[in-house]
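Here's a quick walk through a fold, from its strands to its core and its cavities. Keep the viewer open while you read.

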Amino acid sequence: MINMTSDKKITIAYIEELIAKLAQEKNLTDEEFVTLIATPYPEETNKILAIAADKVRRQHYGDKVYVRGLIEFTNYCKNNCYYCGIRAGNCKAQRYRLTKEEILACCKEGYKLGFRTFVLQGGEDPYYTDERVCDLVATIREAFPDCAITLSIGEKSREAYAAYKQAGADRYLLRHETADELHYGKLHPESMSLANRKRCLKDLKELGYQVGAGFMVGSPYQTIKNLVCDIRFLQELQPDMIGIGPFIHHKDTPFNAEADGSLSLSLRMLSILRLCFPYALLPSTTALGTIAPNGRELGLKAGGNVVMPNLSPTSVRKHYQLYDNKICTGEESAQCKSCLELRVKAAGYTIVSDRGDVRK
């Protein structure tokens, strides 16, 4: 639940002033961020923000939208995050692991379709030891030397991250989920800590990865001050990629009765992040497309410049359910990319087939 209260009389003119200031200075005071996020004029504010954010993204990236081929290679996870459908405690989840050969087949199919970045995403699966991960990364690197390899496999030791980098990994995605310690404790079991999550992100930056962080919008117990805290943490971290999306509940988690995050606030935050971080790679996420049929297009218009079509075999896609009603679980890879290309074009942008590295 997000608290949105303000005693101050806010006008559209003042909102416009804040957005102009943010576009110029890439920063606001905490109070100004609260005003912008908790605006009493959400529709008008989102429109003004989107125009400003789109102008900035075009200055840095033109109309280009980068595609990442997502391979969800395991839905086993040792963690018990309260919001996640593949949490260890969900005994109803149908578990799977892709073999090395199946993962390489996904990469081969993706390469033929024009993908030049592969994202290997999975739960924190003990089966995938550091040795196995390194072997997998090295094999993909040898087979596809012109492609970027992104890992999204959770919290590891600094030594493990160094080994993955040595094997050929370029990028690492690890959403911090919330930068407020008390809020973090309400979303995760005691065995997990925000301090360790931040340690991981710091190690990844120091090791030379292109690093992605991010958070859920509208997660249980979230306040506007939590969202400002997220912005401050990202300003400190200076990540290359920032992945945000609305919280969507899963029926087999402790948060099964919690309200989902809103499209409006998610788009507002996306535009604010584009203005704060003009250089950043910002995905228009599947979660946006799940809560609204045109959610991904709206995400691009709000400042996003990355889409992540699914390369996983259709036989397992429905089992990688972090949240309920996830879209595109039945589409073949070619269908998924073709659909996205049409949607991106209709939104006024162009999908390009290259690595899509960050521009600073």
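In which sense do strands S2 and S3 pair, and over how many bridges? This is a predicted model, and in it S2 (residues 69–74) and S3 (residues 117–122) run in the parallel sense, paired over five bridges. One place to look is Thr74, whose bridge partner in S3 is Gly122.

S3 itself is well hidden: six of its six residues are buried. In a regular strand, side chains alternate between the two faces of the sheet. Here Thr117, Val119 and Gln121 point one way, while Phe118, Leu120 and Gly122 point the other, and all are buried. So both sides of S3 are covered, given that all the residues pointing either way are buried.

| Strand paired with S1 | Sense | Bridges |
|---|---|---|
| S9 (residues 350–352) | parallel | three |
| S8 (residues 306–307) | parallel | two |

To find these pairings on screen, start with Lys64, which has Thr350 as its bridge partner in S9. Then go to Val67, which stands opposite Val307 in S8.

Now for the core. The largest nonpolar core has 106 residues, and Tyr164, Met269 and Ile272 have the most contacts inside it. Helix H10 (residues 263–276) gives the most to this core, with eight residues.

Once residues up to four places away in sequence are set aside, Arg141 touches Cys147, Ala148, Ile149, Ala167, Gly168 and Asp170. For a sense of distance, Arg141 and Phe255 are 114 residues apart in sequence and 39 Å apart in space, C-alpha to C-alpha.

The structure holds four cavities of 30 Å³ or more. What sort of residues line the second largest cavity? By class, there are six nonpolar, two polar and two charged residues. Arg296 and Lys326 are among the lining residues, as are Leu70, Thr286, Met308, Pro309, Asn310, Ile327, Cys328 and Cys336.

Terms used: Residues numbered from 1 in each chain as written. Predicted model: local features only at pLDDT ≥ 70, side-chain atom pairs only at ≥ 80, totals over all residues. Heavy atoms only, no water. 1 Å grid on protein atoms, 1.4 Å probe; cavity = no way out; pocket = protein on both sides within 12 Å on 5 of 7 lines; lining within 4 Å. Points joined across faces, edges and corners; volume = space filled by probe spheres on them. Nonpolar A, V, L, I, M, F, W, Y, C, P; charged D, E, K, R; others polar. Core = buried A, V, L, I, M, F, W, Y, C linked by side-chain atoms within 4.5 Å. Buried < 20%, exposed > 50% of the residue type's maximum accessible area, 1.4 Å probe, protein only. Helix = DSSP H or I, 4+ residues; strand = E, 2+ residues; numbered from the N terminus. Pairing = 2+ DSSP bridges. Contact = heavy atoms within 4.5 Å.
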